[in-house]
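Subject: Handover of a structure and notes on its contents

Dear colleague,

Please find the structure below, together with its sequence. My notes follow it.

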Amino acid sequence: MRTQAIALFHRAFGGSPGTVASAPGRVNLLGEHTDYNGGPVLPMAISARTTVAVGPGEPGWLELVSARDGVVARVRWDGVMPDGWTRYIVGVQRELAARGSAPRGARLAVASDVPVGGGLSSSAALTVSTARALADLAGADLPPADLIGVAHRAEANQVGVRCGIMDQTIAVRGRAGHALLLECATGRTRAIPVRARLLLFDTGVRHQLGDGAYNTRRAECEAALDILRLTEPGLEYLAGWPARRVQTLRRLLSGTLRSRALHVVTETARTRAGADLLSRGRVRAFGRLLDASHESCRRQYECSAPELDLVVRAARRAGAWGARLTGAGWGGCVLALVGADSARPGTREEAIRAAVNRSFLRAYGREPSVTVLRAGPGARRERVQLE
Ligand code: GLA
């Protein structure tokens with residue numbers, strides 16, 4: 001992707017970029033829709049990355065090109081917010097400008113192998129790599145916590161998806177071979193070694209978080225929190241409700257709000273327990289929590305999709321130790337745990353792949369794409385010169 005971004009920059013604008021940076025997509029092993037509820041998440045950076053090559057440009061303007069279509073767009077970054085992917089870049093530029101860390105104008109070439117809309121956080125890979133590259137171009141210091149903040153505000157305040165902090169955090173702090181337990185209320189993190197073989201099935205079903213389902217869930221969680229606070233005025237976050245008091249929660253809430261809150265509270269407990277199991281190499285028990293998480297996403301949070309459920313069922317039947325949707329849901333990808341990575345899972349893996357492909361083909365007339373997941377590093381500067 002580095003070579004592609006630099007070559008694209010050269011083709012579109014002539015010359016070499018001033019800075020190049022990249023950031024990864026991610027999968028979330030456990031802890032879905034807990035981040036904006038003050039709970040824990042357990043994401044892992046993947047090897048798919050977005051690379052941005054950047055050079056100086058005319059003050060007030062951004063010129064942008066993506067390897068996906070090769071078309072150069074020219075936008076005033078302090079004008080009307082554009083549509084499509086370029087608004088993420090404009091959002092980053094505006095947030096950097098707000099803290100005095102932006103170049104006055106820039107040219108950007110973007111190359112990525114993170115699938116868009118697949119629940120692998122293509123947007124955070126884009127905002128984080130862009131923020132890193134633009135701040136470097138401006139000669140501004142942008143420590144990791146600030147990089148996360150700029151990328152998050154670009155998406156939440158500028159683009160208008162009220163996302164949590166998980167995707168930007170893992171895109172910055174990802175570490176090869178590790179997942180990251182992030183406690184979103186405190187910002188505390190713990191690296192968890194991943195000694196497991198994981199497959200990722202992409203159903204090809206795409207969602208737009210801006211469509212509203214995501215923001216609706218957020219509003220439902222806030223409404224549930226408001227009701228619980230009538231009894232527990234000190235409750236800061238929905239995820240702060242103790243799992244052992246789940247019966248009381250059932251009494252205090254009803255209908256949709258009860259379902260949403262039950263998911264958040266039980267998912268919070270599962271995520272902490274899961275991180276602990278994984279760090280102790282108890283991969284099979286970890287897998288059972290993946291299954292429970294999927295059921296909770298499907299039934300209580302209603303963020304699954306028939307294609308995801310089918311892959312999960314087929315993978316489990318073929319011997320997966322656990323399987324669940326990953327990311328916001330409503331489409332995108334399924335994570336399947338084949339086994340511990342020391343256990344030579346060869347035949348089981350083949351059986352899982354074949355069973356998922358067969359079921360999916362029968363139901364939808366096509367096969368999902370599948371990749372073996374490896375935990376990769378977070379955002380970094382890339383060499384500017386092509387060798
Ligand atoms: C999206 C958001 C994250 C998180 C997940 C669901 O990826 O960007 O902040 O809320 O959905 O777990």
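Is Ile-227 buried, partly exposed or exposed? With a relative accessible area of 34%, Ile-227 counts as partly exposed; the classes are buried at under 20% relative accessible area, exposed at over 50%, and partly exposed in between, with a 1.4 Å probe and protein chains only.

Before the remaining findings, two remarks on the basis of these notes. The model is predicted, and for that reason local features need a pLDDT of at least 70 and side-chain atom pairs count only at pLDDT 80 or more, while totals for chains, interfaces and linings use all residues. Residues are numbered from 1 along each chain as its sequence is written, and side-chain values use heavy atoms, with hydrogens and water left out.

**Helix α6**

Ile-227 belongs to helix α6, which covers residues 213-231. Helices here are DSSP runs of H or I with at least four residues, strands are runs of E with at least two, and both are numbered from the N terminus. Apart from its neighbours within four places in sequence, Ile-227 is in contact with Leu-252, Leu-253 and Leu-257, where contact means heavy atoms within 4.5 Å. Ile-89 is 138 residues from Ile-227 in sequence, and their C-alpha atoms are 38 Å apart in space.

The term stands for a side-chain nitrogen of Lys or Arg within 4 Å of a carboxyl oxygen of Asp or Glu. Side chains of opposite charge can pair when their charged atoms come close. Glu-220 is bridged to Arg-217, with the closest N and O atoms 3.4 Å apart. These two residues are three places apart in helix α6, so about one helical turn separates them. Glu-220 is buried, at 15% relative accessibility, and Arg-217 is also buried, at 9%.

The other pair is Asp-226 and Arg-229, whose closest N and O atoms are 3.9 Å apart. Here too the residues are three apart in helix α6, which means a separation of about one helical turn. Asp-226 is partly exposed at 45% relative accessibility, and Arg-229 is partly exposed at 32%.

**Other salt bridges**

The structure holds 26 salt bridges. One of them joins the side chains of Glu-382 and Arg-380, at 3.0 Å from N to O. In this pair Glu-382 is buried, with a relative accessibility of 16%, whereas Arg-380 is partly exposed, with 37%. Elsewhere, a network of salt bridges links Glu-58, Glu-63, Arg-74 and Arg-107.

**The ligand**

The residues around the ligand include Arg-26, Tyr-36, Cys-163, Met-166, Tyr-214 and Ala-328; a residue is counted here if one of its heavy atoms lies within 4 Å of the molecule. Glu-32 brings an N or O atom of its side chain to 2.7 Å from an oxygen atom of the ligand. For His-33, a backbone N or O atom lies 2.7 Å from a ligand oxygen. The side chain of Asp-167 likewise has an N or O atom 2.7 Å from an oxygen atom of the ligand. Taken alone, the ligand exposes 310 Å², and the protein buries 97% of that; these areas come from the Shrake-Rupley method with a 1.4 Å probe.

Helix α10 has twelve residues, 306-317, and should span 16 Å at 1.5 Å a residue; its end C-alpha atoms are 16 Å apart, which agrees. The expected span is 1.5 Å times one less than the number of residues. Among the buried residues of α10 are Leu-308, Leu-310, Val-311 and Val-312. Their cover includes strands β9 (196-202), β10 (322-326) and β11 (333-340), as well as helices α9 (283-299) and α11 (346-364). Just after α10, Gly-319 has a positive phi of about 110 degrees.

Helix α8, residues 255-279, has 25 residues and reaches 36 Å from its first C-alpha to its last, close to the expected 36 Å.

**Gly-91**

Gly-91 is placed in helix α2 (residues 86-98) and is buried, at 0% relative accessibility. Beyond its neighbours within four places in sequence, Gly-91 is in contact with Met-81, Ala-154 and Gln-158.

With kind regards

Notes:
Polar contact = N/O pair within 3.5 Å; in protein donor to acceptor, adjacent residues only side chain to side chain.
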